[in-house]
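Thanks for coming, everyone. Please look at the screen, and I will walk you through one protein.

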Amino acid sequence: MPGTPSSSWAVYKARLASIFRNNDLKVVVAFWLFGLINNVLYVIILSAAQDLVGSLPKGVVLLADVLPSFLTKLVAPYFIHRVPYNIRILVFIALSVVGMCMVALTPASQSAAIKLVGVVLASFSSGGGELSFLGLTHYYGHVSLAGWGSGTGAAGLVGAGLYVVMTEWWGFTVRTSLLFSACLPAVMFISFFVVLPHGPLDRGKQEGYDAVPEIDFEEEEVQGMPQSTASSALLAPGPSVASTALSMHSSPETSLRNNLKRARSLFFPYMLPLLLVYVAEYTINQGVSPTLLFPLEESPFHEYRGFYPFYGFLYQLGVFISRSSTPWFRIHYLYLPSLLQVGNLILLTLHAVFYFIPSVYIVFVIIFWEGLLGGAVYVNCFAEIMENVPVEDREFSLGATSVSDSGGICIAGFIGIVMETRLCNYQVAHGRDWCQRIHAQHR
């Protein structure tokens, strides 16, 4: 009967079977590895922040790790389509390896600025990789997006866990751990050139994304076309044929203008909810979570330093689960989870000020819920683009929308630096000095 557990399980099995048929398993594995490796270095760098910059604020590393990625996503979608994917992959690998080697091999006695240059190079690679791999999902469909989303979610758990395992369990030095991390981009090379089937990409190479449906031709643009092309374009039924003909003979300036039109149309339905959820969740993570402390006897921890890493683990676990959920669960109204995330920010900020949540375990649930919401908005945003944006605009739209997450993290980075300090000072002034004890025990 419909709705019974057996019928629901049958539906899930059918969906799983559809994902892994034919070459789809290779596609899922390749994009899962793309998402994992592209994001894992970002997480490892943040995990090593204190070791990299010493007494400087960790927010400096966060901004060095995010701002270049944000600028790449802001600018690159308007020209990167002219660079073949195989060339892009090699460039991203080279940037990541050189950047991580600079971070690892710079002696502690030298300026932290050299290490930050390495962080910046890795960030350029991560930003370019994200917009490129999201654009690449256009050729491989929903299974590739499911693999990418799950891989990026796993990167948070793997990156943070790997750094702890290398430095604490295996006894690696920070330098050795970062040099090992510099080898990870080789997995990206294998994923693209060995694992990923290239048939869908090869078939789509002739299709650019310079066509804007229902474009209004300027007189000088039509006059610049060959007569036969202009005639066939204007006489053919439907706007897509005409706009495609224009794109074949358009100048770089015309192509840029068309892409800017696309970007404007993406802002409210896709970019804004993604930006909003990232501002809220990273403000929680960077500015509020360090002050969500309870008496040790009321918590499972032996020292106050234990709260923040565990909050990070719960957040990353929620992100991983929700980014892996699109084959079974979809969200079409993106503003709902984004506004719920803003509600989480308000609730946890009020608790940091007034201390009214009775148990740390309730905060654990809220942080896990925060991760679920953030991951859900990310992966469902790009799933909605794949379903609702016209084919000729899709590759550009997937890459251009990715600017919102980095933009949100940058905004939250600046907000978080101010919020953490002010919340801690307020707590100390009202008799809760736990946030200051973290630094005392860290030293």
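Start at E387. This is a predicted model, and in it E387 has a relative accessibility of 40%. What does R330 form with E387? It forms a salt bridge, and the closest N and O atoms are 2.7 Å apart. The two partners come from distant parts of the chain. R330 sits in the loop between helix 15 and helix 16, while E387 belongs to helix 17. They are 57 residues apart.

R330 has another partner. It also forms a salt bridge with E384, and here the closest N and O atoms are 2.4 Å apart. This pair, too, links distant parts of the chain, 54 residues apart. E384 lies in helix 17. Now, is E384 buried or exposed? It is buried, with a relative accessible area of 7%. R330 is partly exposed, at 21%.

How many salt bridges are there in total? The count comes to 6. Some of them share partners, and in that way K73, E130 and D405 are joined into one network.

One more pair to find on your screen: D393 and R262. Their side chains meet in a salt bridge, at 2.6 Å from N to O. D393 is in helix 18, residues 391-401, and R262 is in helix 14, residues 252-288. So the pair ties together parts that are 131 residues apart in sequence. Check the accessibility of both ends. D393 counts as buried, at 8%. R262 counts as buried as well, at 3%.

Next, helix 17 itself. It covers residues 360-388, which is 29 residues. From its first C-alpha to its last it reaches 42 Å, close to the 42 Å expected at 1.5 Å a residue. Why do I call helix 17 largely enclosed by the rest of the structure? Because 21 of its 29 residues are buried. Look at its N-terminal end. S359 caps it. A side-chain oxygen of S359 lies 3.1 Å from the backbone nitrogen of Y361.

Stay in this region and pick out I367. Leave aside its neighbours within four places in sequence. Then I367 is in contact with I284, S289, L292, Y311, L314, Y315 and L348. I367 is also one of the residues that touch the most other members of the largest nonpolar core. Helix 2, residues 24-47, gives the most to it, with 14 residues. As a general point, nonpolar side chains in soluble globular proteins tend to be buried together.

First stop: G159, in helix 7, residues 142-169. G159 counts as buried, at 0% relative accessibility. Which residues does it contact, beyond neighbours within four places in sequence? They are V40, V43, I44 and S47. The C-alpha atoms of G159 and V43 are separated by 5.2 Å, yet the two residues are 116 apart along the chain.

Second stop: S177, found in helix 8, residues 174-181. S177 is buried too, with 0% relative accessibility. Where does its side chain go? It reaches the backbone oxygen of T173, at 2.9 Å. Not counting residues up to four places away in sequence, S177 touches Y163, M166, T167 and F172.

Now zoom out to the whole protein. How many helices and strands does it have? There are 20 helices and 0 strands. The chain has 443 residues, and 53% of them count as buried. Take the contacts between residues at least 6 apart in sequence. Of these, 82% join residues at least 24 apart. Finally, the surface. The accessible surface comes to about 20100 Å², and 67% of that belongs to carbon and sulfur atoms.

To close, go back to where we began. Find R330 on your own screen, then trace both links to helix 17. That is my tour.

Methods. Residues are numbered from 1 along each chain as its sequence is written. This is a predicted model: local features need pLDDT of at least 70, side-chain atom pairs count only at pLDDT 80 or more; totals for chains, interfaces and linings use all residues. Side-chain values use heavy atoms; hydrogens and water are left out. A nonpolar core is a set of buried Ala, Val, Leu, Ile, Met, Phe, Trp, Tyr and Cys residues joined through side-chain atoms within 4.5 Å. Buried means under 20% relative accessible area, exposed over 50%, partly exposed in between (1.4 Å probe, protein chains only). Helices (H or I, at least four residues) and strands (E, at least two) are DSSP runs, numbered from the N terminus. Contact means heavy atoms within 4.5 Å. Accessible areas come from the Shrake-Rupley method with a 1.4 Å probe; for residues, only the protein chains shown count as cover. The expected span of a helix is 1.5 Å times one less than its number of residues. A polar contact is a pair of N or O atoms within 3.5 Å; within protein, one must be able to donate a hydrogen and the other to accept it, and residues adjacent in sequence count only if both atoms are side-chain atoms. A salt bridge is a side-chain nitrogen of Lys or Arg within 4 Å of a carboxyl oxygen of Asp or Glu.
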